[in-house]
Amino acid sequence: MIRLTASLLASTLAGLALSAPASAQDTPSDPRMSHAGGDRISGMPFATRSPVLARNGAAATAHPLATQVAIEILKSGGSAVDAAIAANAALGLMEPVGNGVGGDLFAIVYDPATQQVYGLNAAGPSPRSLSYEQMLEEVGGPDGSIPPLGVLPVSVPGTVDGWFAMHERFGNLPMEDILAPAIGYAEDGFPVTQLIAYYWNRNMSIFAERFEAGEIQEFDNARMTYLNEQGEAPAEGEIFTNPDLANTLRRIAEGGRDAFYEGEIAETIDAYMERIGGYLSAEDLADFSSEWIEPVSVNYRGYDVWELPPPGQGIAALQMLQILEPYDLAGMGFMSADALHVMIEAKRLAFEDRARFYADPDFADIPVETLISEAYADERRSLISPDTARESVPHGDPAAIEHGDTTYLTVADSSGMMVSLIQSNFRGMGSGLVPDGLGFMLQDRGELFSLDPDQPNVYAPGKRPFHTIIPAMVTRDGQAWMSFGVMGGAMQPQGHVQILTNMIDFGLNVQDAGDAARWRHQGSTQPTAPVTEAGGLGVVAVESGISEEVREALRARGHVIEDGDGGFGGYQAIMRDPETGVYAAASESRKDGSAMGY
């Protein structure tokens, strides 16, 4: 049975290898950390830069070169979807610590032609040959857990099919043109950025330790793909190439989605998994197709906030917003103890429902409309005391009302189309397994299944696991207002709510809303836990921008407050002025990314 050490579990976030300071150099022991940054004459005191303003198109991603790729595609006549696919392909190369073609994808697209939002679920299921009983045997019985590495958490990669589903519906340029920039960078090389270099080294070091412990079945391929000639992860500024990934992307560009799911790539994955004792097969790949789904929304102070329904966790953000709607957050004050208290308590309530009800809707009846309803929010809100944090939080009973490290990017084009896209291998770089000669790592998303047979998220063959990655879109009066996302496991719904309240309640601009200090509550029941568990008080990690006075006021209400460890996600956004059509794009300082426009 594969287990993470207690110290590693405590410091990992879903989708990241380790939560950590923003770079390997800027650690708390670095004397430079004792000095504050420079002052800006405009914007908020904590602002890192102004929003990027543009008329014809904009892009914001977690890597400057990927953002540039998106802009180039837009300038070449590509749609926002074309540019999003091109940027995602580049990020799979340049930011392998968070995403790649071995992972899953979700997207929300605003189409100005129909003035509608469309949702795409490109999440792959578990292998059909791995039964529940066999999974229990593999992990040592019902008290075991699905490991984060190796063959057991591997599920079908959905990203490539998601690309082609989006392209078929909204694309302009041929896929050969769209994937050409990523192929070129994979062959010719690119310089590795600071934060990505840090996580790259951390991931590969952890993989090496887990391989020596027998927790990864094969690791030579990952070493050959992701280490340099000296056997080390590339350092900041080092030129990295991935010719195997270039060949894989070229096959996809020429042969379409079938080249990945039914052709040579599928056969290679099948043979590799059989060789190392895995379960993912060519049949699993051939049977997969992504799914267009209806996004769901709530109206928060005149803004329609759109998220995707389960198996993702997006509706947790909507539940939180519904709970918060009657509170006068603006009157309470920006970053005040009163405002943070009710936001934290709303998160705790929503996340207990997340643990109990969110799962693959093909296998469970999920009361989505009730969970995000005003009536249900009224019931849950009644559990919040203005003066005291609850010691424990139960999940709700919607039937009583109903009667019965990830990457995020956003692109907008001259037509007004906006794309909100998130893509991930789940925990860091993924499972540790790289199929022979393909240049990418398979995801480990299957770790997020429960083994409790009473859980709707219980493991089953051919089932999609609970998902943490969530894109978001906001419309107002039927027009796109903002496309945005916040990376980082369970931080994502919390981050979505903090961004929206920063802008809607407290009047921050699209850049300042991301640069503002964040909080992150940990300790809610997880979707992998038995249904008998209930969330305790937990811990609230806060960034340095939250004052000591506010921290003490929160402690007086019963919250456990600690300094943040760097795991506050990463944010990109594009906002559109409905009168002028001008885009304002943002990419926060916690990541290596950038926003651009033209």
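This is a predicted model: local features need pLDDT of at least 70, side-chain atom pairs count only at pLDDT 80 or more; totals for chains, interfaces and linings use all residues.

**Stop 1: helix α11**

Now select the buried set in α11: Ile265, Ala266, Thr268, Ile269, Tyr272, Met273 and Ile276. Look down the helix axis. The buried residues of α11 fall within an arc of 160°, so they line one face of the helix.

What do the buried residues of α11 pack against? Show α8 (220-226), α9 (243-255), α10 (257-261) and α12 (282-286): these are the partners.

Next, check the length. Helix α11 covers residues 264-276, which is 13 residues. At 1.5 Å a residue, α11 should span 18 Å, and its end C-alpha atoms are 18 Å apart, so the two agree. Step just past α11 to Gly277, which has a positive phi of about 85°.

**Stop 2: the largest nonpolar core**

Stay in this area and select Phe260. Leaving aside residues up to four places away in sequence, Phe260 touches Val101, Pro157, Val160, Ile252, Ile265, Ala266, Ile269, Leu285 and Phe440.

Together with Phe260, they touch the most other members of the largest nonpolar core, which has 125 residues. Which helix gives the most to this core? Select α3 (residues 80-94): α3 supplies 12 residues.

A second, separate core has 69 residues. Select Phe357, Tyr376, Leu500 and Trp519, which are among its members.

**Stop 3: the seven-stranded sheet**

Colour the strands. Seven of them form an open sheet in the order β1-β18-β17-β13-β12-β9-β8, with antiparallel pairing. From one strand to the next, the twist averages 20°.

Zoom in on β17 (residues 571-576) and β18 (residues 583-587). These antiparallel strands are joined by five bridges. Pick Ala573, and you will find Ala586 of β18 opposite.

**Stop 4: helices on the sheet**

Select α13 (residues 314-324). Helix α13 lies across β8 and β9 (303-307), and runs at about 25° to β8.

Finish with α19 (residues 491-505), which packs on the sheet. Helix α19 touches β8, β9, β12 (472-476), β13 (479-486) and β17. The direction of α19 makes about 135° with that of β13.

Note on methods. Residues are numbered from 1 along each chain as its sequence is written. Side-chain values use heavy atoms; hydrogens and water are left out. Helices (H or I, at least four residues) and strands (E, at least two) are DSSP runs, numbered from the N terminus. The expected span of a helix is 1.5 Å times one less than its number of residues. Buried means under 20% relative accessible area, exposed over 50%, partly exposed in between (1.4 Å probe, protein chains only). The arc is that of the directions from the helix axis to the C-beta atoms. Contact means heavy atoms within 4.5 Å. Two strands pair if DSSP finds at least two bridges between them. Axes are lines fitted to C-alpha atoms, for helices over the stretch in contact, and angles run from 0 to 180 degrees between N-to-C directions. A nonpolar core is a set of buried Ala, Val, Leu, Ile, Met, Phe, Trp, Tyr and Cys residues joined through side-chain atoms within 4.5 Å.
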